[in-house]
Amino acid sequence: MRLIRYLLSALLLYSGQASADCLTRGTGDMGIVIERADGSVQVLDRRAHKSLFRIEGLGDLSHASAVYSPDERYAYIFGRDGGLTRIDILCGSITHRIVQGGNSIGGAISQDGNLIAVSNYEPGGVKIFSASDLSLVADIPSTPVNSEKRSKTVGLVDATDQRFVFSLYDTGETWIVDMTDPANPAIQKHTQIGQLPYDGLITRDGRYYIAGLFGQDGLALLDLWHPEQGTRLILKDYGKGEQKLPVYKMPHLEGWAMAGNRAFLPGVGHHQVLVVERGEWNPVTKIPVHGQPVFVMARPDGRQIWVNFAFPDNDTIQVIDTESLQVIKTLKPGKGALHMEFAPRGEEVWISIRDKNELQVYDTRSLELIHTLPAANPSGIFFTSRAHTTGL
Amino acid sequence: MTRIIVAITAILLAGIGSVVSAEVPLQRQTELLHLLKHDCGSCHGMRLEGGLGPALTAQRLAPYGIDFLALTIIQGRPGTPMPPWRPFISEHEARWLAQQLKQGIRP
């Protein structure tokens with residue numbers, strides 16, 4: 001009898017362990033990839049080039065993005081359908097999930113890691129949640145467009161001093177929200193920044209917030225050291241006198257590349273990467289490339305810029321040398337090369353190839369393909385090192 | 001009277017014409033639906049429930065006719081981010097896509 005009881009308790013203990021099948025390891029060399037069509041996420045070991053878990057049930061992940069908790073254990077995934085999901089990458093499981101809006105576009109984690117902000121198209125505005133249990137902390141509705149609709153919010157980033165910054169697409173504004181006192185968000189509104197801001201970015205040092213404008217030439221720049229000065233239009237003569245091409249995919253500004261004192265950014269409606277001098281923000285030159293750039297991303301050491309392109313050129317990746325400002329390599333990785341993510345020290349870059357159902361890993365020194373992994377319609381790739389970078 | 005009959009016949013014929021012109025080979029249909037899901041979807045949502053661009057559900061498109069929708073696909077909407085898809089989609093393919101959307105297709 002005692003033996004049976006012993007066996008039973010041993011069995012219970014064993015099955016208990018088996019169901020909590022969590023890894024015991026550091027997470028600094030891990031990451032996730034979004035499988036957009038399946039509503040799933042793979043957890044990756046980027047050094048072993050291995051998939052560790054597949055987590056399903058995250059809803060519509062078209063255009064999904066993710067941020068990490070400061071301890072690099074939890075990823076917060078922002079879905080298109082308003083879903084906000086917190087996953088535990090050591091256990092390969094969902095810890096919390098809410099549907100907080102009808103239609104969403106990205107989010108951010110606060111400087112102290114305690115707050116998660118989500119940008120919503122519908123209903124327009126930003127909602128802020130507790131990072132530990134996803135309970136609502138603040139609801140910040142955007143400016144009404146008419147009696148039924150509020151402005152869509154875009155380009156939401158975290159900034160220093162516990163702030164979030166975002167732009168209002170329909171009404172052309174940039175708002176700064178100070179969450180020092182979570183019960184009383186302090187909102188500073190900058191209006192008339194320009195027409196149709198479609199995305200925004202913050203420089204790595206957290207000083208400049210820049211909104212790309214779809215409705216006019218130029219970009220709206222806000223110096224977060226001096227927000228009282230308001231936004232100013234930079235590169236307003238860019239593209240003047242040149243025929244703009246139809247834009248089949250909006251560029252992304254998140255990966256806005258800085259190399260030395262120069263910034264590299266996608267030319268909207270042009271087959272060009274624009275090179276700009278930081279500080280005065282004057283144009284230095286334009287680099288002709290294969291198509292309309294979507295992501296223009298610097299290798300972490302700033303020596304190379306990797307560019308992918310909008311439809312119908314999204315089967316191509318080009319690499320630019322930042323010293324000679326020349327394209328040094330054109331890769332044809334396959335149709336739907338949607339996103340690139342560098343290892344934090346830059347030795348490898350991972351590229352998701354949507355239509356090949358594949359992740360490709362390139363050595364950035366030889367510029368050769370060194371590994372592939374299967375993934376279902378992969379899009380965004382996010383490594384845990386983002387946990388420690390402002391704006392990511 | 002004859003004029004009316006001619007007019008009615010013309011309208012009916014035009015109707016038949018558009019049905020015939022909306023025939024798209026099966027393989028091309030698959031390509032168009034892939035394009036709808038992934039490329040249109042980058043603004044309108046992969047499930048066509050909207051994003052930076054409006055939703056393309058049957059309910060949302062109810063006020064608009066096939067011709068208007070097909071023309072929007074082909075020519076784009078100036079003043080908005082909607083680009084002209086003419087280089088990649090023919091007019092009768094656009095009509096076919098518009099019909100699918102009006103019928104509530106979810107690619």
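## Domains of chain A

Domain bounds, as used here, come from an automatic or database domain assignment, and in this predicted model chain A is divided into domain 1, covering residues 100–236, and domain 2, covering residues 247–332. Taken over C-alpha atoms, the centres of domain 1 and domain 2 of chain A are separated by 24 Å, and the contact between these domains takes 11 residues from domain 1 and 11 residues from domain 2.

On the side of domain 1 of chain A that touches domain 2, the elements giving two or more residues are strand E16 (197–202) and strand E17 (208–213) of chain A; of the elements on this side, E16(A) gives the most, with four residues. Sorted by class, this side of domain 1 of chain A has six nonpolar, three polar and two charged residues.

## The largest nonpolar core

The largest nonpolar core has 119 residues, and those with the most contacts inside this core are Ala75(A), Phe164(A), Val273(A) and Ile305(A). Because domain 1 (100–236) and domain 2 (247–332) of chain A both give residues to this core, the core lies between them.

For Ile305(A), once its neighbours within four places in sequence are left aside, the residues in contact are Ala257(A), Ala259(A), Phe264(A), Val273(A), Val296(A), Met297(A), Ala298(A), Ile320(A) and Thr322(A). Val273(A), which is in contact with Ile305(A), is itself one of the residues with the most contacts inside the core.

## Contact between chains A and B

Where chain A meets chain B, the contact takes 21 residues from chain A and 16 residues from chain B. By class, the side of chain A that touches chain B has 10 nonpolar, four polar and seven charged residues.

## Chain B and its helix H5

According to UniProt, in an unreviewed entry, the feature "domain: Cytochrome c" is placed at residues 34–99 of chain B. In the model, the end C-alpha atoms of residues 34–99 of chain B lie 16 Å apart, and this span is 52% helix and 0% strand.

Helix H5 of chain B, at residues 91–102, has 12 residues and reaches 16 Å from its first C-alpha to its last, which is close to the 16 Å expected at 1.5 Å a residue. The buried residues of H5(B) are Glu93(B), Ala94(B), Arg95(B), Trp96(B), Leu97(B), Ala98(B), Gln100(B) and Leu101(B). H5(B) is followed by Gly104(B), a residue whose phi is positive, near 85 degrees.

Key
Residues numbered from 1 in each chain as written. Chains lettered and ligands numbered in written order. Predicted model: local features only at pLDDT ≥ 70, side-chain atom pairs only at ≥ 80, totals over all residues. Contact = placed C-beta atoms within 7 Å. Nonpolar A, V, L, I, M, F, W, Y, C, P; charged D, E, K, R; others polar. UniProt positions renumbered as here; feature names shortened; annotations may be inferred. Core = buried A, V, L, I, M, F, W, Y, C linked by C-beta atoms within 7 Å. Buried ≥ 20, exposed ≤ 12 C-beta atoms within 10 Å, placed from the backbone. Expected span 1.5 Å × (residues − 1).
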